[in-house]
Structure formats: C-alpha cells, structure tokens
Amino acid sequence: MRQKFSTGPLFNEMESRSGNIRACYKAFFKWFSGESLSAIRKKQKEAQEIFRLSGITFISDNSKQEHKKTDLIPFDFVPRIITSTEWSHVDSGIRQRTGAINAFLFDVYHDQEIFKEKKIPLELIARNPAFLDKMIGLSPPGNIYTHIVGSDIIRTDPKTYYVLEDNARTPSGASYMLENREAMINLFPELFSRIKVKPVQDYTANLLRTLAESAPHKKSKVVVCILTPGPFNSAYYEHAFLADQMGIELVEGSDLKVRDGRVHVRTINGFTPIDVIYRRIDDDYLDPLNFNSDSLLGVPGLFDVYRAGRISIANAPGTGIADDKSIYSYMPEIIKFYTGEAPILDNVPTWRCSEVESLNYVLNNMDSLVVKEVHGSGGYGMLIGPNSTKLMRKDFSERLKAKPDKYIAQPVLPLSTVPIFGGRGLTPRHVDLRPFSLMSPKGISVTPGGLTRVALKKGSLVVNSSQGGGTKDTWILEG
C-alpha cells in the first residue's frame with residue numbers, strides 16, 4: 001500500500017503526479033510490492049535494534065547538563081534514490097561551492113579583496129562573533145580552511161536543488177550516513193544485488209587521506225587524532241565512530257600537551273607528537289591561552305603551535321563565519337567573485353533583516369516566511385510562519401525590531417517528499433540532504449550520497465533529529 005501525495009505543488013521523488021512510479025524507484029517498488037507488510041515491519045524493528053546495539057545515538061541539546069538525554073536516531077529503511085545524472089549536477093555544485101567558501105575564507109583573513117570591491121559589506125565580518133582576528137595573515141597548511149563541509153540541500157522539482165545552508169566549522173552526520181548504509185546491506189542484501197548503488201563506505205578512508213594530505217610537512221607517516229569535547233557532546237557517538245573507522249586516537253584536551261614546540265598525545269608509551277587534529281570543538285574552547293581562558297576542553301598553547309605551522313587543524317579556526325546565514329545570503333556573489341562562474345546550485349531567496357526594506361517586508365509577511373537566527377542551528381531559534389500563532393509572530397516581531405541584524409527570512413519552499421514506511425505501507429514525508437565534501441591541497445571530493453534527513457511527522461518541515469526527525473540511506477544509482 002502507498003498513500004498518494006502527488007497532487008498540488010509538492011514534488012514526490014518516487015511518484016509522478018499521474019500516479020506513476022518514477023524510473024529510479026521502479027526496481028525498489030517492485031521489490032517492496034512483493035514483500036509482506038509483516039516481514040517489512042520485522043525488518044524495520046531489526047534495524048532499530050541494530051542501531052541500539054551499535055550505540056547509534058545523539059544527545060538531545062539542553063542548557064541544563066543534568067537534563068541531557070541520549071536517544072536513538074530514528075531510521076527509516078526506505079532509501080532515497082537519486083539518478084547518476086541528477087547527482088552529477090549536485091556533485092558539481094558542491095565542488096564549486098566548497099572551493100569558493102575556502103577562497104572566501106583565505107581572502108577574509110588576508111587581502112579582503114571582496115570587501116574592497118564592495119561585493120559584500122565589511123560589517124558582516126566586523127560584527128561576526130565567528131571572525132577570529134588572530135587568524136588575520138595566518139595561512140593554514142596548503143591554504144585549506146574547509147577540509148570537511150556539509151551543505152544542506154533541498155529539492156523542489158525534478159531539476160531544481162537549492163542550498164539551504166552551509167556547515168563549514170564542524171559538520172556532523174557522516175557517521176549516520178555510513179551506519180545507514182551498513183544497516184541496509186545487512187538487512188536487505190538482495191536489494192543491492194538487484195539495484196546498483198554507488199558506495200559510500202570509503203568515506204572514512206578518504207577522510208583520513210584528506211587529513212594526512214593536509215599535514216604541515218610531508219612525512220611517510222602522518223599522525224592524526226580527533227579532538228572531542230567528551231561523551232556529553234551531542235555528536236560524541238560520531239567522534240568515536242570516525243576515530244574507530246580511521247584507526248586513529250580519539251582524544252580530549254587533557255590527553256594533549258604542548259612540548260618543545262609540538263603538540264603531543266599521551267599514550268601508554270609516553271608522549272607522541274601529532275601532525276593533524278580533526279577538531280570537533282568550537283574555536284572558543286580550543287586553547288585557553290589564546291581564546292576562552294575558562295576552557296577545560298582545549299589544549300594550552302595549541303594555537304601557538306598552529307600559528308608556527310607545526311600542526312594542522314581541520315577545519316581551520318575561524319571557518320565559522322562561513323556558517324553565518326547572513327554570509328550565506330551573499331554566496332552567489334562569493335561564488336562569482338572567486339570562480340568567475342554562476343552558481344551551479346542556487347541559494348534559497350533570502351531577506352536580510354539588517355536591511356530596512358527587507359525588515360519591513362518580513363515584519364509584514366511573517367505568516368508566510370521562515371525566520372531564522374543567523375547563528376542558529378538544529379532547527380532552534382526559528383519561526384515557521386504558516387505553522388505559527390499570532391502570539392509567536394508578535395514575539396518574533398519584537399525580536400526582529402530589537403536586533404534585526406541577528407535574523408534572516410526565507411520563503412517556505414515546497415520541499416520534496418520521499419516515501420517512508422508508515423507501518424501499513426508507504427507514506428510521503430519531507431526531506432533534505434547533507435552531502436559531504438572533503439578538501440585537501442590535492443583537490444576536492446564529494447561522497448556519492450550523503451545524509452538524508454526526514455521529517456517523520458506528517459506535514460512537518462523540520463528534519464532535525466532533536467525535533468522529531470529521522471534519517472534514511474541515500475542511494476545514488478550507478479550509470
């Protein structure tokens with residue numbers, strides 16, 4: 001059984017408006033139609049059990065530490081399927097965007113040509129808390145700032161993809177992409193013999209290679225580690241997973257020490273110098289001698305070693321300015337300035353509330369817009385106009401008037417839907433996609449797929465796991 005959802009403006013990625021199954025889904029749908037619902041329900045439960053036994057969890061964000069809660073990531077076994085032709089377009093767009101973001105960051109901390117040419121206003125950097133003045137004039141090894149980028153993409157019709165936001169500081173979700181694929185292969189091996197899907201399993205090998213290629217000096221053996229804030233962090237499962245998959249040390253700040261101008265990791269055999277840190281902590285906590293003096297998570301003197309060119313940090317300190325949603329609104333100009341090309345993937349139309357005309361428009365149309373904090377994440381600090389009450393809109397209006405530069409607004413786009421298994425059959429839900437790109441001095445690669453996040457609640461546009469969303473495997477077809 002399947003619930004039709006092919007009328008109106010919404011694009012259903014599996015089913016056309018006339019009710020026909022799209023070519024990329026035909027093999028899967030034929031298989032699904034031949035299975036009993038009881039057998040499918042059993043497999044779905046097995047998938048959740050696999051995730052539970054593997055510890056595939058996230059920790060719900062909450063300001064009170066004692067209220068933090070560990071949850072399983074909801075997983076839906078119905079894959080999201082994309083053709084190789086469609087993916088080629090996305091792949092090209094992500095490569096272009098990643099390269100432009102890296103060039104922008106280099107320019108921001110060096111000659112600032114884009115501001116001199118008045119392509120974007122300097123105030124966006126001057127008042128940006130993610131801008132690190134200590135990075136001015138500092139060139140990271142290989143001039144790479146964005147070693148790992150996860151840009152969130154939405155789809156509105158068969159040919160149109162939009163980039164919703166960029167995650168260039170500490171993008172998360174790659175572990176769920178890998179575990180989703182592993183679960184699918186274990187549960188439904190017959191599907192992978194019928195349908196040829198591009199692999200994602202080499203992501204960690206590519207990540208380790210990318211990090212090694214970004215070391216400050218060429219060596220036959222590069223020592224890499226992952227720096228985590230610890231087990232209370234919401235993405236700690238991913239930190240541990242990636243370290244295990246790459247065969248490298250997962251360390252906390254207390255495991256590292258600066259000695260003789262190098263960063264060393266404490267081992268059972270004493271201290272060993274390291275070359276690359278894949279950091280999963282924010283800039284402010286990296287080094288209490290250079291940033292937040294109260295930080296117990298970082299390594300005293302780490303930034304001094306970095307500044308001396310004796311260690312690489314991925315992603316580089318100061319990359320967080322590229323996550324800013326006000327900067328995001330200028331990405332078309334940024335791409336054109338640094339590449340000389342038009343963007344392959346468009347931005348979502350965006351109103352900058354710091355501009356008087358845009359602010360007035362947003363205040364008068366809040367019931368039809370999505371209003372977001374420029375530094376917000378995880379689906380928090382936002383208003384979805386069509387789902388809001390008069391009281392909620394009044395509250396946000398006051399916030400906008402008080403600090404307009406903290407907000408942007410976007411139209412409520414008709415996000416595409418893909419099927420999930422609803423217990424009695426297939427039913428459509430809204431999705432986004434987070435592809436992962438890796439960048440080293442030797443080039444940019446994009447994993448064929450990424451993390452599809454799905455809003456499990458009917459009609460919901462919020463896909464974040466902390467607010468009721470789930471994940472599913474993303475299949476890029478061969479050929």
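Leaving aside neighbours within four places in sequence, which residues is Phe77 in contact with? In this predicted model, the partners of Phe77 are Phe28, Trp31, Phe32, Ile40, Gln44, Met184, Phe188 and Phe421. Phe77 also stands out in the largest nonpolar core, a set of 57 residues in which Phe28, Phe77, Tyr203 and Leu211 touch the most other members. Helix H6 (residues 174-187) supplies the largest share of this core, with seven residues. A second, separate core holds 44 residues, among them Ile120, Leu286, Val299 and Tyr330.

The model has 20 aromatic pairs. One of them joins Phe28 and Trp31 in a tilted arrangement, 5.7 Å centre to centre with 40 degrees between the planes. Phe28 and Trp31 are separated by about one helical turn, because they sit three residues apart in helix H1 (residues 26-33). Phe28 counts as buried because its relative accessibility is 0%, and Trp31, at 3%, is buried too. Trp31 also pairs edge-to-face with Phe188, at 5.4 Å centre to centre and 80 degrees between the planes. This pair links distant parts of the chain, 157 residues apart: Trp31 lies in helix H1, and Phe188 in the loop between H6 and helix H7. Phe28, Trp31, Phe32, Phe77, Phe188 and Phe421 together form one aromatic cluster.

Turning to helix packing, H3 (residues 84-108) meets H12 (residues 331-339) at about 85 degrees, with the axes 9 Å apart, so H3 is roughly perpendicular to H12. Residues making the contact include Ala100 and Phe104 of H3 and Ile334 and Phe337 of H12. The contact residues comprise nine nonpolar, two polar and two charged.

Key:
Residues are numbered from 1 along each chain as its sequence is written. This is a predicted model: local features need pLDDT of at least 70, side-chain atom pairs count only at pLDDT 80 or more; totals for chains, interfaces and linings use all residues. Side-chain values use heavy atoms; hydrogens and water are left out. Axes are lines fitted to C-alpha atoms, for helices over the stretch in contact, and angles run from 0 to 180 degrees between N-to-C directions. Helices (H or I, at least four residues) and strands (E, at least two) are DSSP runs, numbered from the N terminus. Angles under 35 degrees count as roughly parallel, over 145 as roughly antiparallel, 65 to 115 as roughly perpendicular and the rest as oblique. Contact means heavy atoms within 4.5 Å. Ala, Val, Leu, Ile, Met, Phe, Trp, Tyr, Cys and Pro count as nonpolar, Asp, Glu, Lys and Arg as charged, and the others, Gly among them, as polar. A nonpolar core is a set of buried Ala, Val, Leu, Ile, Met, Phe, Trp, Tyr and Cys residues joined through side-chain atoms within 4.5 Å. Buried means under 20% relative accessible area, exposed over 50%, partly exposed in between (1.4 Å probe, protein chains only). Rings of Phe, Tyr and Trp (its six-membered ring) pair if their centres lie within 6.5 Å; planes under 30 degrees apart count as stacked, over 60 as edge-to-face and the rest as tilted.
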